[in-house]
Amino acid sequence: MTGFATHVECARCNTDYPVDQIAQVCKLDGGPLLVRYDLTRVRAAVTREAVTARPATLWRYRELLPMTGESIVTLGEPVTPLDEAPRLGAALGVPRLRVKDEGLLPTGTFKARGAAVGVTRARELGVTVLALPTAGNAGAAWAAYGARAGLRVVVVMPETTPEVIVRETSAYGAETYLVPGSIADAGKVVRQACDRYGWYDASTLREPYRIEGKKTMGFELAEQLGWRLPEVIVYPTGGGVGLIGMWKAFQELRAIGWLAQSAKTRFVAAQSTGCAPIVRAFEEGWDESEAWPDPRTFAAGIRVPKALGDFIVLKALRESGGTAVAVSDDDIRATMRAAGEAEGMLVCPEGAAALAAAEGLRRDGWIGEDEQVVVFNTGTGLKYAESLPGATPRRLGANELPEESAALRRA
Ligand SMILES: Cc1ncc(COP(=O)(O)O)c(C=O)c1O
Ligand SMILES: [Zn+2]
């Protein structure tokens, strides 16, 4: 197979670069590079029906992915479920709620999508060492896929990263470093090391392929809804790659005729009140965000003080008629508990932030009662073991029985 990708293009100045060489960011303005495809050829080469008949993994969309060879790096990525959540929807006041549950992917988060495609492409380009800063889950995912591909992986993360994620990353054999501060501080270390040692910089939007993996969330969602889009998509936004990826995915699907030209969705970026640079920029009418001075939230994945692709996120929000909302860590915690108790869904704090944002927008009337709302739960709550909500278990003494009433549950 040789692929359908034709070049990579700067998202700022539209300068083209070859797709068959290592390209990190635009040499002129440092802008992120996006992969472009010969969509006329894709349209002639494959149909929706053919894709649907393939195995249920993200690779079924291979004509719209950047690989050139047959050899992929995979840990078995399932199409993630788009769950109905009637009890949780009732609790949040969002009757037509669906949850796309990314916690079922290898390494327990949607970061597996970006890592699977990103590592596949890095190996194709002859990369042997890659380094990345991370809020946590991307480091774990790239470590796992790097191990699978036999590459050397160096990960730098904030010292406040949840412990399970730090240990998980080491367990995949990645050289794992902790630094004070946020992902921005980790990013400075990685950039210097990559400059000094000539390593491949796999930071968010500093290589063009991670986003291609993440956009498969959009392909899957459109396919699961019978090739249409929900009225609203709520996405927990850190670097914003998932949101930009889906926005790009829908443009590509419209271009090849798999989605109607009229198929629209309003994107909502959910952040924490402790780190809300996109929300602030959206409200102020800015084209770019300002770095958030002291980012604090236990939702580690959305603790990103300034995203390289912030200007694309803001454009996607505005052009789609969407919005940006910040919720408190207390609301995030309460919503984690509500999802667990109402539906048996152990959502991550980031996913809970998105659910809480949907609740607030429905209460304000921004989301209508009849509107279909898809919320992304970007990972499993198991990775945040120390933050899981719920009543403290009670130790039973000898000859003691559990309470006949639901006293412990209410505790
Ligand atoms: C669980 C989780 N959700 C959401 C995000 C934010 O992702 P994005 O860069 O796509 O905004 C992250 C990033 O680390 C994450 O780990
Ligand atoms: Zn440029």
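Helix α4 is mostly covered, with 13 of its 14 residues buried. Buried means that 20 or more other C-beta atoms, placed from the backbone, lie within 10 Å of the residue's own. This is a predicted model: local features need pLDDT of at least 70, side-chain atom pairs count only at pLDDT 80 or more, and totals for chains, interfaces and linings use all residues. Residues are numbered from 1 along each chain as its sequence is written, while chains are lettered from A and ligands numbered from 1 in the order in which they are written.

Helices (H or I, at least four residues) and strands (E, at least two) are DSSP runs, numbered from the N terminus. The 14 residues of α4 (111-124) should span 20 Å at 1.5 Å a residue, and the end C-alpha atoms are 20 Å apart, which agrees. That expected span is 1.5 Å times one less than the number of residues. Gly126 follows α4 and has a positive phi, near 85 degrees.

Next, the sheet. Four strands form an open sheet in the order β8-β7-β6-β9, with parallel pairing. Strands pair if DSSP finds at least two bridges between them. β8 and β9 are the edge strands, each with a single partner, so one side of each has no neighbour in the sheet. Two bridges join β6 to β9, and Leu130 has Tyr200 in β9 as its bridge partner.

| Strand | Residues |
|---|---|
| β6 | 129-133 |
| β7 | 152-158 |
| β8 | 175-179 |
| β9 | 200-201 |

Now the ligand. The shell around ligand 1 includes at least two residues from α5 (137-149) and at least two from α10 (241-255).

Notes. Buried ≥ 20, exposed ≤ 12 C-beta atoms within 10 Å, placed from the backbone. Contact = placed C-beta atoms within 7 Å. Axes fitted to C-alpha atoms, helices over the stretch in contact; angles between N-to-C directions.
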